[in-house]
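This briefing sets out the main features of the structure shown below. Please keep the sequence and the model at hand while reading the points that follow.

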Amino acid sequence: MSSTRLPRPRAALYRLLVPPIRAVNRLIRSVSSLSHRFQLRAEAVLRPQSEWFDHYVDSNWQWGATGRSSFVERGVFSNLVIRPGASVLELCSGDGFNTKHFYSGRATRVVGVDANPEAVAHAKRMNSADNVSYELCDIRETLPDGPFDNVVWDSALHHFTPDETGKVIALLKQRMTPTGVLSGYTEVEDIEYAYRKVDFRSKADVADLLGRGFKHVMVMETPDPERTNLYFFASDSRERLPLDQYNPDVLVRNGAGHSQGRTHSSSPREFVTEPR
Ligand SMILES: C[S@@+](CC[C@H](N)C(=O)[O-])C[C@H]1O[C@@H](n2cnc3c(N)ncnc32)[C@H](O)[C@@H]1O
């Protein structure tokens, strides 16, 4: 008998219980998928242009039905630069899906701020967690008190004019730790969107904008069937950029051998506009 085989009574109980539970859960997922699809249709008809989105539609319907997984990229990528125990400010937190499912699991505390009262109420109701608070706040005017190790700004940079972004960054710099990281995502998209105030066309557009406030900026592009996603990381400390040879958590092997984090010697570049 192999060591992985279950003793007979347990094996019998497994056969009795687990396949039916799986079948019930598959049924629940089908019902959930249908009703989330209906929610998306209803929202699209009744309010075709929306300032924020309920990502449970992505997780419950869109992901499985279309294979479009990019809605999880923003949470996964920002978590690369959030260290356990960090204090995180999330700008424009919207429905709070990423706040709860990504950032709250890594950070000690997360403060989500958004100017849309409906979004804040939804986030509090649907995506609360013990270490998360949501506040109604126009980030062009004010921000919660820091210090914050990380600031996340997902899917919202295009909701601000360059001047407004400059004001937000000036407020942020007073509240971030000296090695703090701003990370997030914006998009290149050809469809009309009523809330878009700036039309980013390339990685360099985003890097130039954020480079006005931070010494080091990395922008990374991923494709999506409906748009191009641009993920950014900005900090005054180059060691905090993810997937970078200067980051102590990263090992890079090239022709000459290994180099790791700060032990690598090469002349520092002030401004990174392209992913390596
Ligand atoms: C497309 S949603 C992104 C929400 C969320 N971060 C996400 O990834 O799904 C853009 C959000 O920016 C918020 N927003 C726009 N202008 C704002 C402002 N001046 N201050 C705070 N939030 C703002 C909107 O209310 C909306 O929730």
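A residue counts as buried if 20 or more other C-beta atoms lie within 10 Å of its own, as exposed if 12 or fewer do, and as partly exposed in between. The structure is a predicted model. The protein chain holds seven helices and nine strands, and buried residues account for 32% of its 276 residues.

**Overall architecture**

- The protein chain is divided into domain 1, residues 8–48, and domain 2, residues 70–263.
- The C-alpha centres of domain 1 and domain 2 are 33 Å apart.
- Along its principal axes, the C-alpha trace of the protein chain spans about 65 × 55 × 35 Å.
- Of the contacts in the protein chain between residues at least 6 apart in sequence, 62% join residues at least 24 apart.

**The largest nonpolar core**

- The largest nonpolar core has 49 residues, and the members that touch the most others are Val88, Leu91, Val151, Trp153, Leu210, Val217 and Phe232.
- Strand E7, residues 228–235, gives the most to this core, contributing five residues.
- Beyond its neighbours within four places in sequence, Val88 is in contact with Ile82, Tyr103, Ala107, Val110, Phe148, Asp149, Asn150 and Val152.

**The pairing of E6 and E7**

- Strand E6, residues 216–223, pairs with E7 in the antiparallel sense over eight bridges.
- A hairpin of four residues joins E6 to E7.
- Within this pairing, Glu221 stands opposite Leu230 in E7.
- In a regular strand, the side chains alternate between the two faces of the sheet.

**Helix H4**

- Helix H4, residues 97–106, is mostly covered, with seven of its 10 residues buried.
- The buried residues of H4 are Phe97, Asn98, Thr99, Lys100, Phe102, Tyr103 and Ser104.
- Thr99 lies in helix H4 and is buried because 28 other C-beta atoms are within 10 Å.
- Apart from residues up to four places away in sequence, Thr99 touches Glu90, Ser93, Ser104, Val110, Gly112, Ala123, Asn127 and Val132.
- The C-alpha atoms of Thr99 and Val88 are separated by 9.5 Å, with the two residues 11 apart along the chain.
- Lys100 also belongs to helix H4, and Lys100 is classed as buried because it has 21 other C-beta atoms within 10 Å.
- Leaving aside neighbours within four places in sequence, the contacts of Lys100 are Asn127, Ala129 and Val132.
- Lys100 and Pro248 are 148 residues apart along the chain, and their C-alpha atoms are separated by 28 Å.

**Surroundings of the ligand**

- The ligand is surrounded by 19 residues, of which the closest are Trp52, Cys92, Gly94, Ala115 and Asn116.
- By class, the shell around the ligand consists of seven nonpolar, six polar and six charged residues.

**Backbone features in the loops**

- Cys92, one of the closest residues to the ligand, has a phi near 55 degrees, which is a positive value in a residue other than glycine.
- Cys92 is placed in the loop between strand E1, residues 87–91, and H4.
- Cys92 is buried because 24 other C-beta atoms are within 10 Å.
- Ser155 likewise is not a glycine but has a positive phi, of about 55 degrees.
- Ser155 is located in the loop between E4 and helix H6, residues 162–173.
- Ser155 counts as partly exposed because it has 18 C-beta neighbours inside 10 Å, whereas a buried residue needs 20 or more.
- The peptide bond from Gly146 to Pro147 is cis, with omega near 0 degrees.
- Pro147 lies in the loop between strand E3, residues 132–136, and strand E4, residues 148–154.

Methods:
Residues are numbered from 1 along each chain as its sequence is written. This is a predicted model: local features need pLDDT of at least 70, side-chain atom pairs count only at pLDDT 80 or more; totals for chains, interfaces and linings use all residues. A nonpolar core is a set of buried Ala, Val, Leu, Ile, Met, Phe, Trp, Tyr and Cys residues joined through C-beta atoms within 7 Å. Helices (H or I, at least four residues) and strands (E, at least two) are DSSP runs, numbered from the N terminus. Two residues are in contact if their C-beta atoms, placed from the backbone, lie within 7 Å. Domain bounds come from an automatic or database domain assignment. A residue is near a molecule or strand if its C-beta atom, placed from the backbone, lies within 6 Å of it. Ala, Val, Leu, Ile, Met, Phe, Trp, Tyr, Cys and Pro count as nonpolar, Asp, Glu, Lys and Arg as charged, and the others, Gly among them, as polar. Two strands pair if DSSP finds at least two bridges between them.
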